[in-house]
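Open the model in your viewer and keep the sequence panel beside it. The stops below are given in the order in which to select them.

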Amino acid sequence: MKIVVLGAGVIGVTSAWYLAKAGHEVTVIDRQSGPSLETSFANAGEISPGYSSPWAAPGIPAKAIKWMFMKHAPLIIQPRPDLAKLGWMAKMLANCTTAAYQTNKRRMVRLAEYSRDCLMDLRAETGISYDERTQGTLQLFRTQKQVEAAAKDIEVLRADGVPFEVLDRDACLAAEPGLAGARDKIAGGLRLPGDETGDCFKFTNSLAEMAEKLGVIFRYGVGIAGLESDGSRIVAARTSEGRVTADAFVVALGSYSPFLVAPFGMKLPVYPVKGYSITVPITDESRAPISTVMDETHKIAITRLGDRIRVGGMAEIAGFDLSLNPKRRATLEHSVEDLFGGAGDQSRATFWTGLRPMTPDGTPVVGRSTVPNLFLNTGHGTLGWTMAAGSGRVLADIVSGRTTEIESADLGYARYLKSRSASRARGFGVAQPA
């Protein structure tokens, strides 16, 4: 088929790669001048299947109130009125039950583990290099209460057969010797040896080059205005350079995806949650992290990327605001200096922000929409890099009419449809894009 992928972030590029490998004629369209220049540009760098967890969890409402009064808060909610924000938050709160958390985490881990395996296969097939490391993730607990609270995650990991190690203070230092200066601040840790790290920007650019050799056409600097329907199917994408026709269309536009599908009656519950990162050049190898350390207190990931340290985290609910708040930089600097003091030169660090496309239940939307030839690959939140390869492979299999290698029915848009609304959605053709 002739397929148009809308979006050239890591999700769009991996989708294009696997679609091309399946034999399709693929065109990727993006408004930026190249691949991976928005949310995928400077993320935390962690590929953490074992740490794949929804933000919606038991106890989060109470924690959110506490976080509001913390100097270095992991969650910031801007008070500006926004109906979309309020609706999304209400749906997220509805998922903060034990049953919902376990269901959501299990399917997230399923996709993330599969994605890690797909990435390993892709690396073996292509030799792609992106400052990758395969030395696991250490979730670091500063309090005994955090150690005890990890029990619910361990239960899910054990049930799903995900390897893990519960570490005491000395074992944490053995895994990450650079933490020696913070010994007294460590209560324990949970190590996930199957996790990896890598530079998402480098990966996406390299894969885009390889995809071009397979025949994928990338059209950069092209704005996407909407989709056109003939009443039963999508027939074209309207762009700043005219109409682009195809047999099928894939929406991989991150936080902007809901705007494109809304004219067809789809209420895609994807909302932008702002994240920040700093990239710090290493000046003392002995004090630097070996892989990824997740600071549980501040929900910040500290990741080794070659000769740099990527420090990323926080969730700021502020709509589509992309301003760089110096208070958030201070939080990132505090976390890395508190645990890996003296490892890098903060004066030469670069500061970045991006919008993570998050769903209320934490699981991305991968698969069919209510329109027969329109497919979705979005809503990965903080786990786009972790889930990219697997999501691209699942999406390509669904588009191609093949059976997916993992259960995928609960990953699609259909999970948001009740039986009556699903019936109405099948008659979507009456709705036309503006």
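This is a predicted model: local features need pLDDT of at least 70, side-chain atom pairs count only at pLDDT 80 or more; totals for chains, interfaces and linings use all residues.

**Stop 1: helix α3**

Select residues 83-94, the 12 residues of helix α3. At 1.5 Å a residue the helix should span 16 Å, and its end C-alpha atoms lie 17 Å apart, which agrees. Now show the side chains of Lys85, Trp88 and Met92, the buried residues of α3. Looking down the axis of α3, you will find these buried residues within an arc of 70 degrees, so they line one face of the helix. At the N-terminal end, select Asp82, which caps α3 with a side-chain oxygen 2.9 Å from the backbone nitrogen of Ala84.

**Stop 2: the β10-β11 hairpin**

Select residues 224-229 (β10) and 234-239 (β11), which pair in the antiparallel sense over five bridges. One place to look is Glu228, whose bridge partner in β11 is Ala236. Four residues separate the two strands of this hairpin, and in the turn Gly231 has a positive phi of about 105 degrees.

**Stop 3: Ser291**

Go to the loop between β14 and β15 (292-295) and select Ser291. Is Ser291 buried or exposed? Its relative accessibility is 1%, so Ser291 counts as buried. Beyond its neighbours within four places in sequence, Ser291 has contacts that include Gln135, Glu176, Thr197 and Arg304. Gly136 is also in contact with Ser291, and the backbone oxygen of Gly136 lies 2.5 Å from a polar atom of the Ser291 side chain.

Terms used: Residues are numbered from 1 along each chain as its sequence is written. Side-chain values use heavy atoms; hydrogens and water are left out. The expected span of a helix is 1.5 Å times one less than its number of residues. Buried means under 20% relative accessible area, exposed over 50%, partly exposed in between (1.4 Å probe, protein chains only). The arc is that of the directions from the helix axis to the C-beta atoms. A polar contact is a pair of N or O atoms within 3.5 Å; within protein, one must be able to donate a hydrogen and the other to accept it, and residues adjacent in sequence count only if both atoms are side-chain atoms. Two strands pair if DSSP finds at least two bridges between them. Contact means heavy atoms within 4.5 Å.
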